[in-house]
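Here is a brief report on one protein model. Please look over the sequence and the structure before reading on.

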Amino acid sequence: MPWIVGVSGASGTPYAAAVLRALLGAGEAVDLVVSRASRLTLLDETGISFRDAHWQDDLREWLARGADGKPGTFDVDVSAVRYWSAGDLAAGPSSGSYPAKGMLIVPASTACVAGVALGLSKDLLQRAASVTLKERRTLVVSVRETPLNGQTLRHLVALDDAGATVVPASPAFYAGATHIQDLVDFVAGRVLDAAGVDHGLYRRWRGELGGGTPS
């Protein structure tokens with residue numbers, strides 16, 4: 001069964017790329033939903049146009065880039081990815097009978113958070129998230145916004161009450177980050193931790209001070 005990965009329009013496409021690479025590296029199948037707004041963000045942050053008709057080539061180019069924007073940093077096999085258009089409300093993930101392990105939304109914009117919390121299902125990303133909640137499957141929402149107003153905070157509490165796990169895109173520094181990719185990988189790793197997916201994206205805390213100090 002696949003993991004559904006939803007990419008919304010918030011800034012932070014490197015977080016989504018790191019999660020996707022780690023899932024594929026762990027041998028997981030992925031159903032990918034890229035919102036219309038996220039295509040604009042992806043174009044702005046990477047220069048890549050994500051096109052339905054050429055999604056495999058565009059995805060491969062995207063996942064090959066490092067967080068610093070350098071192309072060809074990673075070698076990624078995308079054969080385990082199935083892509084669904086965000087406007088396709090008849091897609092597999094729109095139904096509770098479609099088998100899936102759960103869903104990861106990374107990054108999650110405040111508009112996406114509101115839509116899922118309110119059950120709007122205005123596109124496939126929101127619909128798949130609503131299905132994930134009603135089927136009591138794992139839903140991880142990595143919100144990327146600052147500052148957060150009261151309305152968004154209430155929506156996040158509603159998602160928590162509904163059984164979702166909220167993972168803010170908030171990198172930590174105890175893992176000894178020396179590169180922007182390390183900070184991105186920490187957030188991606190915490191998203192995967194919440195989903196129970198094994199990975200080696202960051203150095204875990206072992207109860208020893210100074211472990212993150214460069215030698």
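## Basis of the model

This is a predicted model, in which local features need pLDDT of at least 70, side-chain atom pairs count only at pLDDT 80 or more, and totals for chains, interfaces and linings use all residues. Residues are numbered from 1 along each chain as its sequence is written, and side-chain values use heavy atoms, with hydrogens and water left out.

## Overall fold

The protein chain has seven helices and six strands. Both are DSSP runs numbered from the N terminus: helices are H or I with at least four residues, strands are E with at least two. From the N terminus on, the order is β-α-β-α-α-β-β-α-α-β-α-β-α.

The C-alpha trace spans about 55 × 40 × 30 Å along its principal axes. Of the 215 residues, 49% count as buried. Buried means under 20% relative accessible area, exposed over 50%, and partly exposed in between, using a 1.4 Å probe and protein chains only. Contacts mean heavy atoms within 4.5 Å. Among contacts with a separation of 6 or more, 71% come from residues 24 or more positions apart.

## The sheet

Six strands form an open sheet in the order S3-S2-S1-S4-S5-S6, with parallel pairing. Strands pair if DSSP finds at least two bridges between them. The edge strands are S3 (81-85) and S6 (165-166), and each pairs on one side only. Helix H7 packs on the sheet and touches S1, S4, S5 (138-143) and S6. The direction of H7 makes about 160° with that of S5. Axes here are lines fitted to C-alpha atoms, for helices over the stretch in contact, and angles run from 0 to 180 degrees between N-to-C directions.

Strand S1 (residues 3-7) pairs with S4 (residues 102-108) in the parallel sense over four bridges. Gly6 has Ile105 in S4 as its bridge partner.

## Aromatic rings

The whole structure holds six aromatic pairs. Rings of Phe, Tyr and Trp (its six-membered ring) pair if their centres lie within 6.5 Å; planes under 30 degrees apart count as stacked, over 60 as edge-to-face, and the rest as tilted. Phe186 and Tyr202 form a tilted pair, 4.8 Å centre to centre with 55° between the planes. Phe186 lies in H7 (residues 180-195) and Tyr202 in the segment after H7, so the pair ties together parts 16 residues apart in sequence. Both Phe186 and Tyr202 are buried.

Elsewhere, the charged end of Arg21 sits over the ring of Phe74, 3.8 Å from its centre. The test asks for NZ of Lys or CZ of Arg within 6 Å of the ring centre and within 35 degrees of the ring normal.

## Backbone exceptions

Most residues other than glycine have a negative phi, and most peptide bonds are trans. The bond from Val106 to Pro107 is cis, with omega near -10°. Pro107 is in strand S4. The bond from Thr146 to Pro147 is also cis, with omega near -10°. Pro147 is in the loop between S5 and helix H6 (150-161).

Arg136 is not a glycine, yet its phi is positive, at about 60°. Arg136 lies in the loop between H5 and S5 and is exposed, with a relative accessible area of 69%.
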